[in-house]
Amino acid sequence: MGGVSGLVLPAHKERSIAQKPKGNLQGLKPNQIKRLGRLSQRQFPLDGTFTTEQARELAVLSADTGRQIGLLINRQGKVEMVLVGDNRSIFIPELPRARLGSGRLRGLRLLHTHLADEALSQEDLMDMVFLRLDAVIVLTVAGGEPRTVQVAHLLPPNPDDRSYEVFDAVRWDRLDLDLAGIVEALEDEFGRQLDARDMEDGAERVLLVSVDDTPHGVQERSLEELAELADTAGLVASGTMVQRVRKKNPAFIVGKGKLAELEVKALQTNASVIIFDQELSPTQIRNLAEVTERKILDRTQLILDIFAQHATTASGKLQVEMAQLKYTLPRLVGKNRAMSRLMGGIGGRGPGETKLEMDRRRIDERLTRLKKELAQVRKRRSQTRERRAKAGLPIVSLVGYTNAGKSTLLNTLTSSRVLAADKLFATLDPTSRRIRFPEEREVVLTDTVGFIRRLPPDLKEAFRATLEELESADLLVLVCDASHPEVEEQVAAVRNILADMELDAIASILVLNKWDRLDEAGRETMRNVFPEGIPASAVDRSSLEPVVEAILAAIPWGRPGNS
(Lines give C-alpha, C1' and ligand atoms only; values in the text may rest on other atoms or scores of the structure.)
Protein backbone atom coordinates (compact mmCIF):
# COMPACT_ATOMS: atom_id res chain seq x y z
CA MET A 1 0.00 0.00 0.00
CA GLY A 2 1.30 3.43 -0.85
CA GLY A 3 1.46 6.44 1.46
CA VAL A 4 3.98 8.86 2.89
CA SER A 5 6.96 7.04 4.32
CA GLY A 6 6.60 6.55 8.08
CA LEU A 7 2.99 7.72 8.16
CA VAL A 8 0.42 5.15 9.25
CA LEU A 9 -3.00 5.86 7.81
CA PRO A 10 -6.34 4.73 9.29
CA ALA A 11 -7.76 1.70 7.50
CA HIS A 12 -10.68 3.58 5.87
CA LYS A 13 -8.30 6.29 4.66
CA GLU A 14 -5.82 3.74 3.35
CA ARG A 15 -8.52 2.03 1.24
CA SER A 16 -9.54 5.36 -0.27
CA ILE A 17 -6.12 5.67 -1.95
CA ALA A 18 -6.00 4.04 -5.36
CA GLN A 19 -3.47 1.23 -5.77
CA LYS A 20 -1.12 1.33 -8.71
CA PRO A 21 -2.07 -1.42 -11.11
CA LYS A 22 0.43 -4.24 -11.71
CA GLY A 23 1.56 -5.78 -14.95
CA ASN A 24 1.90 -4.42 -18.46
CA LEU A 25 1.65 -0.63 -18.00
CA GLN A 26 4.17 0.28 -20.65
CA GLY A 27 2.80 2.68 -23.26
CA LEU A 28 -0.31 3.55 -21.23
CA LYS A 29 -1.24 7.19 -20.77
CA PRO A 30 -1.16 8.64 -17.21
CA ASN A 31 -4.91 9.11 -17.39
CA GLN A 32 -5.42 5.44 -18.28
CA ILE A 33 -3.19 4.30 -15.39
CA LYS A 34 -5.12 6.59 -13.06
CA ARG A 35 -8.47 5.14 -14.18
CA LEU A 36 -7.12 1.62 -13.79
CA GLY A 37 -5.91 2.49 -10.29
CA ARG A 38 -9.39 3.63 -9.32
CA LEU A 39 -10.66 0.09 -9.89
CA SER A 40 -8.95 -0.86 -6.62
CA GLN A 41 -11.45 1.37 -4.79
CA ARG A 42 -14.54 -0.41 -6.08
CA GLN A 43 -16.73 -2.43 -3.72
CA PHE A 44 -18.02 -5.56 -5.47
CA PRO A 45 -21.20 -7.42 -4.48
CA LEU A 46 -20.83 -9.99 -1.70
CA ASP A 47 -22.50 -12.67 -3.84
CA GLY A 48 -19.31 -12.88 -5.88
CA THR A 49 -20.55 -11.22 -9.07
CA PHE A 50 -20.41 -7.60 -10.34
CA THR A 51 -22.75 -4.67 -10.92
CA THR A 52 -23.80 -3.33 -14.33
CA GLU A 53 -21.64 -0.23 -13.85
CA GLN A 54 -18.62 -2.28 -12.85
CA ALA A 55 -18.92 -4.55 -15.93
CA ARG A 56 -19.24 -1.53 -18.20
CA GLU A 57 -16.30 0.25 -16.58
CA LEU A 58 -14.11 -2.82 -17.07
CA ALA A 59 -15.23 -3.18 -20.71
CA VAL A 60 -14.54 0.47 -21.53
CA LEU A 61 -11.11 0.45 -19.88
CA SER A 62 -10.16 -2.86 -21.53
CA ALA A 63 -11.21 -1.60 -24.97
CA ASP A 64 -9.54 1.77 -24.41
CA THR A 65 -6.19 0.25 -23.43
CA GLY A 66 -6.44 -2.72 -25.80
CA ARG A 67 -5.43 -5.01 -22.92
CA GLN A 68 -6.93 -7.62 -20.67
CA ILE A 69 -7.72 -6.26 -17.21
CA GLY A 70 -7.96 -8.47 -14.14
CA LEU A 71 -9.14 -7.89 -10.59
CA LEU A 72 -8.36 -10.11 -7.62
CA ILE A 73 -11.33 -9.65 -5.29
CA ASN A 74 -11.59 -10.97 -1.74
CA ARG A 75 -14.70 -12.37 -0.08
CA GLN A 76 -15.59 -8.98 1.36
CA GLY A 77 -15.87 -7.65 -2.19
CA LYS A 78 -12.72 -5.54 -1.93
CA VAL A 79 -10.22 -5.39 -4.79
CA GLU A 80 -6.83 -6.62 -3.58
CA MET A 81 -4.97 -6.26 -6.87
CA VAL A 82 -5.53 -4.67 -10.28
CA LEU A 83 -3.72 -6.49 -13.09
CA VAL A 84 -3.04 -5.37 -16.65
CA GLY A 85 -2.07 -7.87 -19.34
CA ASP A 86 -1.73 -7.67 -23.11
CA ASN A 87 -4.49 -8.27 -25.62
CA ARG A 88 -4.27 -12.09 -25.26
CA SER A 89 -3.25 -12.88 -21.70
CA ILE A 90 -2.65 -11.64 -18.21
CA PHE A 91 0.10 -12.43 -15.72
CA ILE A 92 -0.63 -12.94 -12.03
CA PRO A 93 2.34 -12.24 -9.73
CA GLU A 94 3.15 -14.36 -6.67
CA LEU A 95 0.40 -14.10 -4.07
CA PRO A 96 0.73 -14.16 -0.27
CA ARG A 97 0.68 -17.65 1.26
CA ALA A 98 -0.70 -16.60 4.65
CA ARG A 99 -4.19 -18.04 4.33
CA LEU A 100 -3.27 -21.26 2.59
CA GLY A 101 -3.64 -24.59 4.31
CA SER A 102 -3.37 -27.90 2.49
CA GLY A 103 -7.16 -28.09 2.08
CA ARG A 104 -8.24 -24.46 1.70
CA LEU A 105 -8.98 -22.08 -1.13
CA ARG A 106 -7.18 -18.74 -1.30
CA GLY A 107 -10.16 -16.50 -0.53
CA LEU A 108 -9.73 -14.56 -3.79
CA ARG A 109 -11.63 -14.67 -7.08
CA LEU A 110 -10.23 -13.47 -10.39
CA LEU A 111 -12.50 -11.33 -12.57
CA HIS A 112 -10.89 -10.44 -15.87
CA THR A 113 -11.69 -9.38 -19.38
CA HIS A 114 -11.13 -11.12 -22.72
CA LEU A 115 -10.93 -8.83 -25.74
CA ALA A 116 -11.62 -11.54 -28.28
CA ASP A 117 -14.85 -13.50 -28.19
CA GLU A 118 -13.02 -16.21 -26.29
CA ALA A 119 -14.37 -18.32 -23.46
CA LEU A 120 -12.40 -19.40 -20.40
CA SER A 121 -9.00 -20.53 -21.61
CA GLN A 122 -6.83 -23.37 -20.38
CA GLU A 123 -4.49 -20.73 -18.95
CA ASP A 124 -7.35 -19.28 -16.88
CA LEU A 125 -8.16 -22.72 -15.49
CA MET A 126 -4.49 -23.43 -14.74
CA ASP A 127 -4.21 -20.11 -12.86
CA MET A 128 -7.29 -21.07 -10.83
CA VAL A 129 -5.79 -24.47 -9.99
CA PHE A 130 -2.26 -23.43 -9.14
CA LEU A 131 -3.34 -20.35 -7.15
CA ARG A 132 -6.28 -22.21 -5.56
CA LEU A 133 -8.55 -19.30 -6.40
CA ASP A 134 -12.16 -19.35 -5.21
CA ALA A 135 -13.28 -18.89 -8.82
CA VAL A 136 -12.29 -17.37 -12.14
CA ILE A 137 -14.75 -15.17 -14.04
CA VAL A 138 -14.20 -14.09 -17.64
CA LEU A 139 -16.02 -11.10 -19.11
CA THR A 140 -15.74 -10.86 -22.91
CA VAL A 141 -15.60 -7.38 -24.44
CA ALA A 142 -16.44 -6.17 -27.97
CA GLY A 143 -16.81 -2.59 -29.16
CA GLY A 144 -16.23 -1.29 -25.65
CA GLU A 145 -19.25 -3.19 -24.36
CA PRO A 146 -19.44 -6.31 -22.17
CA ARG A 147 -20.79 -9.32 -24.09
CA THR A 148 -20.70 -12.64 -22.21
CA VAL A 149 -19.59 -13.94 -18.85
CA GLN A 150 -18.32 -17.40 -17.92
CA VAL A 151 -17.45 -18.80 -14.47
CA ALA A 152 -15.39 -21.77 -13.24
CA HIS A 153 -14.50 -23.08 -9.78
CA LEU A 154 -12.61 -26.02 -8.28
CA LEU A 155 -14.42 -29.17 -7.19
CA PRO A 156 -14.10 -31.29 -4.05
CA PRO A 157 -13.55 -35.08 -4.51
CA ASN A 158 -16.26 -36.49 -6.77
CA PRO A 159 -17.10 -39.87 -8.35
CA ASP A 160 -16.25 -38.57 -11.83
CA ASP A 161 -12.79 -37.50 -10.68
CA ARG A 162 -13.31 -34.02 -12.13
CA SER A 163 -11.01 -31.17 -11.13
CA TYR A 164 -13.27 -28.17 -11.76
CA GLU A 165 -16.72 -27.03 -12.83
CA VAL A 166 -16.99 -24.77 -15.88
CA PHE A 167 -20.38 -23.10 -16.40
CA ASP A 168 -21.70 -22.26 -19.86
CA ALA A 169 -21.10 -18.71 -21.02
CA VAL A 170 -24.19 -16.46 -20.71
CA ARG A 171 -24.99 -12.88 -21.63
CA TRP A 172 -23.11 -10.60 -19.27
CA ASP A 173 -26.25 -9.19 -17.61
CA ARG A 174 -27.94 -12.59 -17.29
CA LEU A 175 -25.53 -14.14 -14.80
CA ASP A 176 -27.64 -15.72 -12.09
CA LEU A 177 -25.18 -17.40 -9.77
CA ASP A 178 -24.68 -17.22 -6.02
CA LEU A 179 -20.92 -17.56 -6.32
CA ALA A 180 -20.34 -16.70 -2.66
CA GLY A 181 -22.75 -19.49 -1.65
CA ILE A 182 -20.95 -21.97 -3.94
CA VAL A 183 -17.55 -21.06 -2.51
CA GLU A 184 -18.87 -21.36 1.03
CA ALA A 185 -20.25 -24.82 0.22
CA LEU A 186 -16.91 -25.81 -1.33
CA GLU A 187 -14.98 -24.71 1.74
CA ASP A 188 -17.45 -26.61 3.94
CA GLU A 189 -16.97 -29.75 1.86
CA PHE A 190 -13.19 -29.51 1.97
CA GLY A 191 -13.46 -28.78 5.70
CA ARG A 192 -15.75 -31.80 6.32
CA GLN A 193 -13.29 -34.10 4.63
CA LEU A 194 -10.49 -32.56 6.62
CA ASP A 195 -12.42 -33.10 9.87
CA ALA A 196 -13.30 -36.69 8.92
CA ARG A 197 -9.68 -37.48 8.23
CA ASP A 198 -8.51 -35.76 11.39
CA MET A 199 -10.95 -37.91 13.33
CA GLU A 200 -9.37 -41.05 11.88
CA ASP A 201 -5.93 -40.15 13.20
CA GLY A 202 -3.52 -37.28 13.25
CA ALA A 203 -1.20 -38.72 10.59
CA GLU A 204 0.04 -36.60 7.72
CA ARG A 205 -1.72 -37.24 4.36
CA VAL A 206 0.34 -37.99 1.29
CA LEU A 207 -0.36 -38.21 -2.40
CA LEU A 208 1.65 -40.94 -4.14
CA VAL A 209 2.72 -40.32 -7.72
CA SER A 210 4.42 -42.47 -10.34
CA VAL A 211 5.78 -41.02 -13.59
CA ASP A 212 7.58 -43.59 -15.69
CA ASP A 213 7.81 -45.27 -19.09
CA THR A 214 6.71 -48.65 -17.69
CA PRO A 215 3.13 -49.93 -18.19
CA HIS A 216 0.34 -48.57 -16.03
CA GLY A 217 -0.13 -51.85 -14.13
CA VAL A 218 3.56 -52.08 -13.22
CA GLN A 219 3.50 -48.52 -11.88
CA GLU A 220 0.35 -49.19 -9.85
CA ARG A 221 1.90 -52.24 -8.21
CA SER A 222 5.00 -50.23 -7.39
CA LEU A 223 2.78 -47.55 -5.84
CA GLU A 224 1.22 -50.22 -3.61
CA GLU A 225 4.69 -50.87 -2.22
CA LEU A 226 5.28 -47.13 -1.90
CA ALA A 227 2.01 -46.92 0.09
CA GLU A 228 3.34 -49.59 2.46
CA LEU A 229 6.58 -47.62 2.80
CA ALA A 230 4.54 -44.48 3.57
CA ASP A 231 2.56 -46.41 6.18
CA THR A 232 5.81 -47.57 7.76
CA ALA A 233 6.92 -43.94 7.92
CA GLY A 234 3.70 -43.05 9.77
CA LEU A 235 1.99 -41.41 6.80
CA VAL A 236 -1.44 -42.07 5.34
CA ALA A 237 -1.70 -42.47 1.57
CA SER A 238 -4.79 -40.45 0.64
CA GLY A 239 -4.55 -40.80 -3.14
CA THR A 240 -2.45 -41.95 -6.07
CA MET A 241 -1.69 -40.71 -9.55
CA VAL A 242 0.02 -42.58 -12.39
CA GLN A 243 1.36 -41.24 -15.66
CA ARG A 244 3.14 -43.17 -18.37
CA VAL A 245 5.54 -40.94 -20.29
CA ARG A 246 8.18 -41.47 -22.95
CA LYS A 247 10.32 -38.67 -21.62
CA LYS A 248 10.20 -37.03 -18.21
CA ASN A 249 9.90 -33.27 -17.95
CA PRO A 250 13.30 -32.02 -16.68
CA ALA A 251 11.73 -29.13 -14.75
CA PHE A 252 8.69 -30.79 -13.14
CA ILE A 253 8.95 -34.50 -14.13
CA VAL A 254 5.33 -34.14 -15.43
CA GLY A 255 3.83 -31.82 -18.03
CA LYS A 256 1.81 -28.75 -17.10
CA GLY A 257 -1.57 -30.41 -17.61
CA LYS A 258 -0.72 -33.33 -15.36
CA LEU A 259 0.80 -30.92 -12.85
CA ALA A 260 -2.55 -29.13 -12.63
CA GLU A 261 -4.28 -32.47 -12.09
CA LEU A 262 -1.74 -33.25 -9.38
CA GLU A 263 -2.43 -29.95 -7.64
CA VAL A 264 -6.19 -30.50 -7.66
CA LYS A 265 -5.81 -34.07 -6.43
CA ALA A 266 -3.57 -32.91 -3.58
CA LEU A 267 -6.19 -30.31 -2.66
CA GLN A 268 -9.07 -32.79 -2.89
CA THR A 269 -7.27 -35.40 -0.78
CA ASN A 270 -5.92 -32.84 1.68
CA ALA A 271 -2.39 -34.10 1.09
CA SER A 272 0.34 -31.99 2.64
CA VAL A 273 3.10 -34.19 1.19
CA ILE A 274 3.57 -35.51 -2.34
CA ILE A 275 5.84 -38.53 -2.76
CA PHE A 276 7.14 -39.60 -6.16
CA ASP A 277 8.04 -43.23 -6.80
CA GLN A 278 10.93 -42.08 -8.98
CA GLU A 279 14.06 -40.23 -7.94
CA LEU A 280 13.72 -36.47 -8.44
CA SER A 281 16.46 -34.01 -9.30
CA PRO A 282 17.04 -31.06 -6.92
CA THR A 283 15.55 -28.74 -9.57
CA GLN A 284 12.40 -30.84 -9.85
CA ILE A 285 11.97 -30.94 -6.06
CA ARG A 286 12.40 -27.17 -5.80
CA ASN A 287 10.05 -26.41 -8.71
CA LEU A 288 7.36 -28.82 -7.54
CA ALA A 289 7.52 -27.45 -3.98
CA GLU A 290 7.15 -23.89 -5.22
CA VAL A 291 4.21 -24.64 -7.52
CA THR A 292 2.27 -26.95 -5.21
CA GLU A 293 3.30 -25.27 -1.95
CA ARG A 294 3.62 -28.74 -0.47
CA LYS A 295 6.48 -30.87 0.74
CA ILE A 296 7.94 -32.98 -2.06
CA LEU A 297 9.77 -36.26 -1.46
CA ASP A 298 11.02 -39.05 -3.68
CA ARG A 299 11.24 -42.75 -2.95
CA THR A 300 14.85 -42.54 -1.81
CA GLN A 301 14.11 -39.80 0.73
CA LEU A 302 11.19 -41.82 2.08
CA ILE A 303 13.32 -44.95 2.53
CA LEU A 304 16.07 -42.89 4.14
CA ASP A 305 13.53 -41.41 6.54
CA ILE A 306 12.22 -44.87 7.47
CA PHE A 307 15.75 -46.05 8.09
CA ALA A 308 16.35 -42.96 10.24
CA GLN A 309 13.22 -43.68 12.27
CA HIS A 310 13.99 -47.36 12.81
CA ALA A 311 17.74 -47.43 13.33
CA THR A 312 18.27 -48.22 17.00
CA THR A 313 21.87 -49.28 17.39
CA ALA A 314 24.87 -47.01 17.06
CA SER A 315 25.97 -48.79 13.87
CA GLY A 316 22.51 -48.51 12.33
CA LYS A 317 22.42 -44.78 13.02
CA LEU A 318 25.90 -44.38 11.53
CA GLN A 319 24.77 -46.13 8.35
CA VAL A 320 21.65 -43.99 8.05
CA GLU A 321 23.59 -40.80 8.55
CA MET A 322 26.15 -41.80 5.93
CA ALA A 323 23.45 -42.69 3.41
CA GLN A 324 21.60 -39.42 4.04
CA LEU A 325 24.73 -37.34 3.69
CA LYS A 326 25.62 -39.11 0.46
CA TYR A 327 22.13 -38.38 -0.84
CA THR A 328 22.39 -34.75 0.26
CA LEU A 329 25.88 -34.03 -1.03
CA PRO A 330 25.11 -33.75 -4.78
CA ARG A 331 22.00 -31.73 -3.93
CA LEU A 332 23.89 -28.93 -2.19
CA VAL A 333 23.73 -26.75 -5.27
CA GLY A 334 22.71 -23.20 -4.54
CA LYS A 335 20.10 -22.31 -2.00
CA ASN A 336 17.55 -25.08 -1.78
CA ARG A 337 14.47 -23.13 -0.84
CA ALA A 338 12.27 -26.19 -1.11
CA MET A 339 14.27 -27.95 1.57
CA SER A 340 14.76 -24.99 3.88
CA ARG A 341 11.14 -23.87 3.78
CA LEU A 342 9.48 -27.23 3.98
CA MET A 343 11.95 -29.39 5.87
CA GLY A 344 11.05 -30.97 9.18
CA GLY A 345 8.97 -34.07 9.93
CA ILE A 346 8.87 -36.67 7.18
CA GLY A 347 11.99 -36.54 5.06
CA GLY A 348 13.73 -34.28 7.53
CA ARG A 349 14.85 -36.78 10.14
CA GLY A 350 18.34 -38.13 10.50
CA PRO A 351 21.17 -35.68 10.17
CA GLY A 352 18.81 -32.75 10.71
CA GLU A 353 18.47 -29.40 9.04
CA THR A 354 21.76 -28.02 10.31
CA LYS A 355 23.70 -30.91 8.80
CA LEU A 356 21.72 -30.69 5.55
CA GLU A 357 22.92 -27.14 5.28
CA MET A 358 26.56 -27.99 5.84
CA ASP A 359 28.86 -27.24 3.01
CA ARG A 360 30.54 -29.91 0.93
CA ARG A 361 33.81 -29.77 2.79
CA ARG A 362 32.22 -30.38 6.18
CA ILE A 363 30.08 -33.21 4.79
CA ASP A 364 33.12 -34.81 3.22
CA GLU A 365 34.90 -34.61 6.57
CA ARG A 366 31.93 -36.12 8.33
CA LEU A 367 31.70 -38.92 5.75
CA THR A 368 35.36 -39.74 6.29
CA ARG A 369 34.81 -40.00 10.05
CA LEU A 370 31.68 -42.13 9.54
CA LYS A 371 33.57 -44.52 7.28
CA LYS A 372 36.21 -45.00 9.96
CA GLU A 373 33.57 -45.61 12.63
CA LEU A 374 31.76 -48.09 10.39
CA ALA A 375 35.03 -49.88 9.74
CA GLN A 376 35.33 -50.31 13.52
CA VAL A 377 31.77 -51.66 13.64
CA ARG A 378 32.59 -54.16 10.91
CA LYS A 379 35.72 -55.22 12.76
CA ARG A 380 33.76 -55.84 15.97
CA ARG A 381 31.13 -57.84 14.08
CA SER A 382 33.82 -59.86 12.42
CA GLN A 383 35.30 -60.67 15.82
CA THR A 384 31.87 -61.71 17.07
CA ARG A 385 31.45 -64.01 14.09
CA GLU A 386 34.86 -65.53 14.73
CA ARG A 387 33.92 -66.23 18.34
CA ARG A 388 30.75 -67.94 17.14
CA ALA A 389 32.76 -70.01 14.70
CA LYS A 390 35.13 -71.04 17.50
CA ALA A 391 32.14 -72.02 19.61
CA GLY A 392 31.30 -74.41 16.79
CA LEU A 393 27.75 -73.19 16.30
CA PRO A 394 26.33 -73.19 12.77
CA ILE A 395 24.78 -69.89 11.69
CA VAL A 396 21.38 -69.86 10.06
CA SER A 397 20.39 -66.50 8.56
CA LEU A 398 16.85 -65.46 7.76
CA VAL A 399 16.66 -63.48 4.53
CA GLY A 400 13.73 -62.24 2.49
CA TYR A 401 11.79 -59.36 1.09
CA THR A 402 10.81 -56.72 3.59
CA ASN A 403 7.70 -57.56 5.61
CA ALA A 404 7.87 -61.26 4.64
CA GLY A 405 7.65 -62.27 8.31
CA LYS A 406 11.29 -63.02 9.15
CA SER A 407 11.23 -61.40 12.60
CA THR A 408 7.99 -63.19 13.47
CA LEU A 409 9.57 -66.50 12.44
CA LEU A 410 12.63 -65.73 14.60
CA ASN A 411 10.39 -64.84 17.54
CA THR A 412 8.28 -67.98 17.27
CA LEU A 413 11.27 -70.27 16.86
CA THR A 414 13.22 -68.72 19.73
CA SER A 415 10.32 -67.44 21.88
CA SER A 416 12.04 -64.06 21.93
CA ARG A 417 10.58 -60.62 21.47
CA VAL A 418 12.38 -59.09 18.54
CA LEU A 419 10.37 -56.23 17.03
CA ALA A 420 8.03 -57.80 14.53
CA ALA A 421 5.56 -55.40 12.99
CA ASP A 422 3.41 -55.55 9.89
CA LYS A 423 5.51 -52.82 8.37
CA LEU A 424 8.35 -52.58 5.89
CA PHE A 425 11.84 -52.39 7.35
CA ALA A 426 10.66 -53.11 10.89
CA THR A 427 14.08 -54.75 11.34
CA LEU A 428 17.14 -52.71 10.44
CA ASP A 429 19.83 -54.04 12.71
CA PRO A 430 20.82 -57.70 12.64
CA THR A 431 19.53 -59.74 15.56
CA SER A 432 20.99 -63.08 16.61
CA ARG A 433 19.54 -65.71 18.94
CA ARG A 434 20.84 -69.11 20.01
CA ILE A 435 18.33 -71.83 19.49
CA ARG A 436 18.41 -75.43 20.66
CA PHE A 437 16.90 -77.87 18.21
CA PRO A 438 15.95 -81.50 18.88
CA GLU A 439 18.76 -84.02 19.33
CA GLU A 440 20.65 -81.41 21.44
CA ARG A 441 21.75 -79.51 18.38
CA GLU A 442 22.30 -75.76 18.72
CA VAL A 443 22.46 -73.07 16.02
CA VAL A 444 22.66 -69.29 15.92
CA LEU A 445 19.65 -67.84 14.15
CA THR A 446 20.09 -64.30 12.73
CA ASP A 447 17.46 -61.92 11.44
CA THR A 448 18.50 -59.37 8.79
CA VAL A 449 17.16 -56.23 7.17
CA GLY A 450 14.49 -56.92 4.59
CA PHE A 451 15.33 -56.61 0.92
CA ILE A 452 13.50 -54.34 -1.45
CA ARG A 453 13.65 -53.69 -5.17
CA ARG A 454 15.20 -50.47 -6.41
CA LEU A 455 17.06 -49.90 -3.18
CA PRO A 456 18.98 -46.62 -3.56
CA PRO A 457 22.65 -47.32 -4.43
CA ASP A 458 23.88 -45.37 -1.41
CA LEU A 459 21.71 -47.47 0.87
CA LYS A 460 22.93 -50.67 -0.75
CA GLU A 461 26.48 -49.76 0.12
CA ALA A 462 25.70 -48.34 3.53
CA PHE A 463 23.70 -51.36 4.62
CA ARG A 464 26.07 -53.90 3.22
CA ALA A 465 27.55 -53.99 6.72
CA THR A 466 24.17 -55.15 8.00
CA LEU A 467 24.14 -57.97 5.50
CA GLU A 468 27.73 -58.97 6.20
CA GLU A 469 26.24 -61.39 8.70
CA LEU A 470 25.21 -63.43 5.72
CA GLU A 471 28.79 -64.02 4.59
CA SER A 472 29.46 -66.34 7.50
CA ALA A 473 26.09 -68.11 7.31
CA ASP A 474 26.01 -71.88 6.91
CA LEU A 475 22.43 -71.80 5.72
CA LEU A 476 20.12 -69.13 4.36
CA VAL A 477 16.42 -69.45 5.13
CA LEU A 478 14.68 -67.45 2.44
CA VAL A 479 11.32 -66.38 3.87
CA CYS A 480 8.66 -65.14 1.47
CA ASP A 481 5.10 -63.90 1.92
CA ALA A 482 3.25 -66.55 -0.09
CA SER A 483 0.04 -64.51 0.12
CA HIS A 484 1.57 -61.47 -1.55
CA PRO A 485 0.42 -60.95 -5.17
CA GLU A 486 4.01 -60.30 -6.26
CA VAL A 487 5.63 -63.12 -4.35
CA GLU A 488 7.42 -64.47 -7.45
CA GLU A 489 8.99 -61.07 -8.19
CA GLN A 490 9.96 -60.66 -4.55
CA VAL A 491 11.68 -64.05 -4.36
CA ALA A 492 13.47 -63.29 -7.64
CA ALA A 493 14.57 -59.89 -6.27
CA VAL A 494 16.00 -61.50 -3.11
CA ARG A 495 17.83 -64.15 -5.12
CA ASN A 496 19.24 -61.49 -7.46
CA ILE A 497 20.56 -59.43 -4.55
CA LEU A 498 22.13 -62.56 -3.01
CA ALA A 499 23.76 -63.30 -6.36
CA ASP A 500 25.03 -59.69 -6.56
CA MET A 501 26.62 -60.16 -3.15
CA GLU A 502 28.08 -63.51 -4.26
CA LEU A 503 26.12 -65.29 -1.55
CA ASP A 504 24.17 -67.58 -3.85
CA ALA A 505 26.57 -70.46 -3.27
CA ILE A 506 25.45 -70.79 0.36
CA ALA A 507 22.93 -73.59 0.95
CA SER A 508 19.36 -72.28 1.25
CA ILE A 509 15.80 -73.36 1.84
CA LEU A 510 12.61 -71.50 0.91
CA VAL A 511 9.84 -70.96 3.46
CA LEU A 512 6.40 -70.09 2.08
CA ASN A 513 5.22 -67.99 5.02
CA LYS A 514 1.64 -66.80 5.61
CA TRP A 515 0.38 -70.06 4.12
CA ASP A 516 -2.73 -69.75 6.31
CA ARG A 517 -3.83 -66.71 4.28
CA LEU A 518 -4.07 -68.72 1.04
CA ASP A 519 -7.13 -70.56 -0.21
CA GLU A 520 -6.74 -74.00 -1.76
CA ALA A 521 -6.30 -72.60 -5.28
CA GLY A 522 -3.58 -70.24 -4.07
CA ARG A 523 -1.79 -73.09 -2.29
CA GLU A 524 -1.90 -75.21 -5.44
CA THR A 525 -0.38 -72.33 -7.41
CA MET A 526 2.41 -71.91 -4.87
CA ARG A 527 3.16 -75.65 -4.95
CA ASN A 528 3.53 -75.46 -8.73
CA VAL A 529 5.61 -72.26 -8.73
CA PHE A 530 7.84 -73.19 -5.78
CA PRO A 531 7.84 -77.00 -5.53
CA GLU A 532 10.82 -76.79 -3.17
CA GLY A 533 9.01 -74.37 -0.83
CA ILE A 534 8.04 -75.33 2.71
CA PRO A 535 4.56 -74.08 3.71
CA ALA A 536 4.47 -72.37 7.11
CA SER A 537 2.77 -69.76 9.21
CA ALA A 538 5.28 -67.93 11.38
CA VAL A 539 2.57 -67.05 13.92
CA ASP A 540 1.68 -70.72 14.41
CA ARG A 541 4.46 -72.65 16.16
CA SER A 542 2.92 -76.03 15.30
CA SER A 543 3.26 -75.27 11.57
CA LEU A 544 7.01 -74.75 11.86
CA GLU A 545 8.02 -78.37 12.47
CA PRO A 546 8.72 -79.04 8.76
CA VAL A 547 10.81 -75.82 8.69
CA VAL A 548 12.91 -76.99 11.66
CA GLU A 549 13.37 -80.42 10.04
CA ALA A 550 14.45 -78.79 6.77
CA ILE A 551 16.93 -76.52 8.59
CA LEU A 552 18.46 -79.46 10.45
CA ALA A 553 18.68 -81.46 7.23
CA ALA A 554 20.23 -78.63 5.21
CA ILE A 555 22.90 -77.48 7.68
CA PRO A 556 26.28 -78.86 6.61
CA TRP A 557 27.02 -80.38 10.01
CA GLY A 558 30.22 -81.89 8.71
CA ARG A 559 31.69 -78.47 7.98
CA PRO A 560 34.74 -77.64 10.16
CA GLY A 561 33.58 -75.85 13.31
CA ASN A 562 29.99 -77.11 13.11
CA SER A 563 29.20 -79.60 15.86
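Predicted model: local features only at pLDDT ≥ 70, side-chain atom pairs only at ≥ 80, totals over all residues.
User: Which residues lie nearest the centre of the largest pocket?

Analyst: Look for Phe91, Ile92, Asp127, Phe130 and Leu131. They belong to a lining of 31 residues.

User: Which element gives the largest share of that lining?

Analyst: Helix H4 does, with six residues. H4 spans 122-131. Other elements that supply at least two residues each include strand S4 (108-114), helix H7 (256-268) and helix H8 (282-292).

User: Which domains each give at least three residues to the lining?

Analyst: Domain 1 (22-93 + 103-195) and domain 2 (201-307).

User: How many lining residues are nonpolar, polar and charged?

Analyst: The lining has 12 nonpolar, six polar and 13 charged residues.

User: Now the sheet. In what order do the four strands stand?

Analyst: Strands of a sheet pair through backbone hydrogen bonds, either parallel or antiparallel. In this open sheet the order is S10-S9-S11-S12, and the pairing is parallel.

User: Why is one side of S10 and of S12 left without a neighbour in the sheet?

Analyst: Strand S10 (235-244) and strand S12 (295-298) are at the edges. Each has a single partner strand, so one side of each has no neighbour in the sheet. On average, neighbouring strands are turned by 25 degrees against each other, direction ignored.

User: Over how many bridges do S9 and S11 pair?

Analyst: Strand S9 (residues 204-212) and strand S11 (residues 273-276) pair over four bridges, in the parallel sense. For one example, find leucine 207: its bridge partner in S11 is isoleucine 274.

User: Which strands does H7 touch?

Analyst: H7 packs on the sheet and touches S9, S10 and S11. The direction of H7 makes about 160 degrees with that of S10. Helix H8 lies across S11 and S12, and runs at about 145 degrees to S12.

Conventions:
Residues numbered from 1 in each chain as written. Heavy atoms only, no water. 1 Å grid on protein atoms, 1.4 Å probe; cavity = no way out; pocket = protein on both sides within 12 Å on 5 of 7 lines; lining within 4 Å. Nonpolar A, V, L, I, M, F, W, Y, C, P; charged D, E, K, R; others polar. Domains from an automatic or database assignment. Pairing = 2+ DSSP bridges. Axes fitted to C-alpha atoms, helices over the stretch in contact; angles between N-to-C directions. Contact = heavy atoms within 4.5 Å.
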